[in-house]
Amino acid sequence: MNRIEEALQKVEQIVQLANNSNDLAYFHYHRKRFQKMGESVTAICPEGSTVLDIGSHYLHSSLLLHFLGYKVTCMDVGEFCNLPFIKERITANNLTQIEENNLEKLSSLATEDNQYDLILFTEIFEHITFNPIGFWKRIHTIIKPNGNIYITTPNSITLYAIVKTLYQLLSGRGIGIDIKAIFPTVTYGHHWKEYSAKEMKAYFNIMNDGFKVSVQKFCYKPAEGPDSVKGKGSILLEKLGNQIPFFKEAMEVVVKVDKSLPWKVNIPEY
């Protein structure tokens with residue numbers, strides 16, 4: 001058993017002891033993604049590096065990197081920070097936690113500079129609903145020279161997404177998030193914008209030429225069982241698409257930050 005699997009098993013034990021259904025379901029659904037993250041982070045950052053986990057959620061990623069020897073600071077909105085079992089995890093594992101309810105401003109990090117070797121931004125990109133310039137400018141300030149930003153986010157160009165979009169268009173339902181998904185989903189849970197690999201590279205290039213972006217597509221979700229709410233056609237499209245590299249369901253994005261180059265865009269004014 002390798003050290004990443006050992007660390008993952010420690011996280012799994014913590015999750016099982018808490019016995020929270022949402023916590024358990026999320027961990028098992030994303031377990032393969034956590035494993036890939038551990039492999040990638042250990043390849044680009046030495047043990048002992050400082051990590052800021054933005055959108056730390058149930059602390060699965062934070063705990064994994066903590067057990068792998070990283071100095072982790074966890075950040076999330078109050079809705080997650082103040083959950084009793086999250087508070088217990090923070091205390092039991094001696095993690096540092098920052099509550100930040102406005103990522104656009106990032107006022108909790110207003111005085112920090114060259115602080116972190118790695119910024120973790122996993123499964124958050126697709127949830128952003130604000131102009132991101134100020135956020136990324138602050139990230140550019142707090143990350144150390146030649147630090148890395150590690151992102152995972154859905155790939156917008158999948159076979160399933162293409163067929164679904166065509167169906168919505170031809171049936172007159174519109175394009176984008178289904179309105180039926182808006183109402184039952186908690187705030188911060190909606191995927192308002194998903195990106196392609198080409199868009200991810202263009203996104204960071206707009207802001208600063210020092211953002212060096214590499215993208216790798218991968219798949220991690222468990223196979224859908226017979227009791228899945230998805231139709232057989234949807235499951236087949238997802239399975240087929242994941243066999244083709246271009247259409248794989250997720251993207252791992254690593255942004256190497258050269259801080260010597262100037263910022264290119266200003267925050268728009270009202």
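Author: Happy to! Buried means under 20% relative accessible area, exposed means over 50%, and partly exposed is in between (1.4 Å probe, protein chains only). This is a predicted model, where local features need pLDDT of at least 70, side-chain atom pairs count only at pLDDT 80 or more, and totals for chains, interfaces and linings use all residues. Residues are numbered from 1 along each chain as its sequence is written, and side-chain values use heavy atoms, with hydrogens and water left out.

Reader: Thanks! Is Y220 buried or exposed?

Author: Y220 counts as buried because its relative accessibility is 5%.

Reader: And how many aromatic pairs are there?

Author: The structure holds 21 aromatic pairs. Rings of Phe, Tyr and Trp (its six-membered ring) pair if their centres lie within 6.5 Å; planes under 30 degrees apart count as stacked, over 60 as edge-to-face and the rest as tilted. With centres 6.1 Å apart and planes at 80 degrees, Y26 and Y58 are edge-to-face.

Reader: How accessible are Y26 and Y58?

Author: Y26 is partly exposed at 22% relative accessibility, while Y58 is buried at 9%.

Reader: What about Y29 and Y220, what is their geometry?

Author: Y29 and Y220 are also an edge-to-face pair, 6.5 Å centre to centre with 85 degrees between the planes. Y29 is partly exposed, at 31% relative accessible area.

Reader: New topic: which residues form the aromatic cluster?

Author: F121, F125, F130, F135, W136, Y195, Y203, F204, F211 and W263 form one cluster.
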